[in-house]
Amino acid sequence: MLNDWRMYTDETGTEQNHTAWHEVLKAIAQLDGTTRTLVHAAYGDHVDLVVAGGNQGLVLVQWKEHEPVERHYVLAQDKPPAVMTTLTIEGSEVAFPAAWCVPLEQAIPVCGDILRTCEKGEPNGLSWQPVEM
């Protein structure tokens, strides 16, 4: 189990070191789109997990791998590409493709697997879409 995550949340406004994976997952599960809208967790300089939003029960989940090469992914569901959805992140309304805004209850098990293993895996019913940087 990976218990040395660095975690930042907009609720606290500070970075916490040596955070256990289940504490990060708890913060993700508490995203509400108002007072809790962002959780950024990093494991060393290797990977980053960012989960944002929470309004209407939807979140944006991003996964970044830094080694051996930088790769960036967003968790997606099957929705028409032209449809947009707005999420509240740190007090701002931000528009994203609706496919990138997944239900929090579906994101929690995916994030739990990531936090325990540092592997994005292949989530059931969702997919990882590469994001060009």
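Tutor: Rings of Phe, Tyr and Trp (for Trp, the six-membered ring) form an aromatic pair when their centres lie within 6.5 Å; planes under 30 degrees apart are called stacked, over 60 edge-to-face, and the rest tilted. By this rule, 1 aromatic pair is counted. The model is predicted, so local features need pLDDT of at least 70 and side-chain atom pairs pLDDT 80 or more, while totals for chains, interfaces and linings use all residues. Residues are numbered from 1 along each chain as its sequence is written, and side-chain values use heavy atoms, without hydrogens or water.

The part to look at is helix α1, residues 21-29. Helices (H or I, at least four residues) and strands (E, at least two) are DSSP runs numbered from the N terminus. Trp21, Val24, Leu25, Ala27 and Ile28 of α1 are buried, that is, under 20% relative accessible area with a 1.4 Å probe and protein chains only (exposed is over 50%, partly exposed in between). These residues lie on the same side of α1 because they cover an arc of only 160° around the axis; the arc is taken from the directions from the helix axis to the C-beta atoms.

The buried residues of α1 pack against β1 (5-9), β2 (15-19), β3 (38-43), β4 and α2 (104-117), where contact means heavy atoms within 4.5 Å.
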